[in-house]
Amino acid sequence: MLRVPLSRLPTSQVLQSARRSATTIPSNTSYKVVVIGGGPGGLSVSSTLSSILGPNNVAVIEPSDVHYNQPLWTFVGGGLKSFDQSRKPMEEVIAKEVDWIKKSAAGFEPNSNVVILDDGQKISYDYLVVAAGIQINWDSIKGLKGALGKDGVTSNYSADSVQRTWEFVNNFKGGNAIFTMPSTPIKCAGAPQKIMYLAEEQFRANGIRDKAQVIYNTGIGKIFGIDKYASTLSQICQERGITVNTTTELTEIRPENREAVFKKTGPNGSEEQVYNYDFLHVAPPMGAPDFIKKSPIADKAGWVEVDPATLQHTRYSNIFSLGDCSSCPTGKTAAAVASESQVVKKNLLSLMAGKSLNAKYDGYTSCPLVTGKSKLVLAEFSGYTSKPLETFPVNQAEERSSMYYLTAHALPELYWSGLLKGTWHGPGFFRNIFNNQQ
Ligand code: FAD
Ligand code: UQ1
């Protein structure tokens with residue numbers, strides 16, 4: 001390997017092998033498999049494929065130096081884990097046989113099998129896997145960007161502001177604590193309320209609960225999409241004195257007056273409602289990444305248009321997609337990625353071998369709904385059927401400490417050592433053992 005001083009590296013560097021010293025000069029501009037994104041979607045697929053196909057065959061395009069275990073951000077915001085526990089250097093989690101192209105993808109030319117990078121460079125592929133995540137549209141809420149991270153306004157949905165959540169929760173002295181949920185698709189649709197349950201519990205522990213109004217304002221029509229879990233959550237809110245307002249969507253923050261503006265939609269149209277806040281946790285609107293939305297691989301809504309069962313693109317047969325940026329109509333979670341990754345890998349290898357695509361994704365997703373420091377409702381279901389797909393032979397709609405310990409202590413290890421390394425494909429195997437298929 002040729003070593004060159006960092007300062008003389010070309011900007012379009014291709015970094016090769018784990019614990020890379022960032023000194024490898026650009027080699028290929030053409031790969032058998034190109035993967036866009038170094039989140040759980042991209043890494044779960046690239047680690048397995050690179051170990052099968054060997055060096056110089058698989059590239060991951062990923063601009064970030066850091067990989068975040070985002071499911072841990074609920075625990076970070078709730079003061080139960082440190083921010084450091086939720087991150088690792090990207091170079092530690094990308095498989096050693098992968099070429100890491102430390103750039104952003106900016107466009108697609110699927111008819112010529114080319115991805116265009118943000119510096120204009122072209123990378124060509126035989127097969128493409130798109131796993132670029134969901135885009136957070138911070139600008140859609142007027143005043144949010146300027147207010148975030150200051151004076152009680154926070155969000156567990158960004159690496160910066162999640163570090164302020166716990167401080168604001170623990171220093172809260174009373175008044176309105178408002179938690180919002182948008183009407184757009186978001187990643188982990190339970191996260192906007194998980195942090196509320198942790199905060200509410202902390203307000204009790206700090207002896208200020210009687211001075212606090214805890215309010216959940218959601219842009220959608222119910223507290224959770226799947227009725228089995230929604231009824232438990234509604235009951236918890238009732239028992240704990242949490243006000244739930246449906247079809248009430250955040251549109252603006254006026255930090256100078258500590259006001260949050262909502263659009264309340266009812267049978268007779270919509271009206272503006274202004275709330276004073278003393279603490280405000282925002283789950284921002286999200287959508288398909290712009291660079292995908294404007295490309296030929298997008299569906300009408302901007303997601304990568306794949307067959308929901310095979311995860312193969314509906315128009316370009318050598319393109320697959322998984323995770324938050326795909327068009328699969330299911331809950332966007334790392335749990336979904338685990339199941340999807342196995343289907344993408346199997347079908348991609350079948351396609352390479354000229355065989356038919358037999359692996360099918362059933363829409364499995366899961367939301368570990370943390371309801372307290374040692375309580376959790378483990379929602380598991382198919383977004384395709386809206387029916388529960390539970391792993392354990394117990395009623396998972398009940399709050400359980402066992403599920404809390406599973407989520408807080410076992411799942412992070414499964415994430416780092418199983419999912420990212422391509423060996424964890426979701427709990428379907430255990431579901432079958434427990435003979436518990438609903
Ligand atoms: P991401 O993890 O977002 O990764 C996408 C990657 O693509 C990123 O590394 C990004 O830098 C890169 N990228 C973006 N644009 C480009 C580009 N133009 N070119 C190249 N690369 C690009 N899931 C669960 O299963 N359980 C939970 O309990 C849970 N809790 C959550 C709590 C919170 C607060 C949050 C924020 C998320 C939670 N999730 C949970 C959801 C989970 O984190 C995501 O669904 C999962 O990370 C999606 O994986 P992904 O690979 O599709 O996207
Ligand atoms: C899961 O597989 C996963 O990815 C590792 C998550 O992200 C951290 C999850 O939150 C969940 C719930 C699962 C599903 C796993 C089990 C054992 C139910």
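The largest share of the shell around ligand 2 comes from strand S21, which gives 3 residues; strands here are DSSP runs of E with at least two residues, helices are runs of H or I with at least four, and both are numbered from the N terminus. Two or more residues also come from helix H9 (334-352) and from strand S22 (375-382), while S21 itself spans 364-372.

Colleagues, this is a predicted model, in which local features need pLDDT of at least 70 and side-chain atom pairs count only at pLDDT 80 or more, whereas totals for chains, interfaces and linings use all residues. Residues are numbered from 1 along each chain as its sequence is written, chains are lettered from A and ligands numbered from 1 in the order written, and side-chain values use heavy atoms, without hydrogens or water.

Around ligand 2 stand Pro71, Ala334, Ala335, Tyr364, Ser366, Pro368, Leu378, Glu380, Leu411, Trp424 and Pro427, each with a heavy atom within 4 Å of the ligand. By class, this shell has 9 nonpolar, 1 polar and 1 charged residues. An oxygen atom of the ligand is 2.7 Å from an N or O atom in the Trp424 side chain. Taken alone, ligand 2 exposes 440 Å², and the protein buries 94% of that (Shrake-Rupley method, 1.4 Å probe).

The structure holds 1 cavity of 30 Å³ or more, a cavity being a set of points on a 1 Å grid over the protein atoms alone where a 1.4 Å probe fits but cannot get out. The volume of the largest cavity is about 40 Å³. Its lining includes Asp324, Cys328, Lys332 and Glu340, lining residues having an atom within 4 Å of a point.

Methods. A polar contact is a pair of N or O atoms within 3.5 Å; within protein, one must be able to donate a hydrogen and the other to accept it, and residues adjacent in sequence count only if both atoms are side-chain atoms. Ala, Val, Leu, Ile, Met, Phe, Trp, Tyr, Cys and Pro count as nonpolar, Asp, Glu, Lys and Arg as charged, and the others, Gly among them, as polar. On a 1 Å grid over the protein atoms alone, a cavity is a set of points where a 1.4 Å probe fits but cannot get out, and a pocket is an open set with protein on both sides within 12 Å along at least five of seven lines; lining residues have an atom within 4 Å of a point. Grid points are joined across faces, edges and corners, and a volume is the space filled by probe spheres set on the points.
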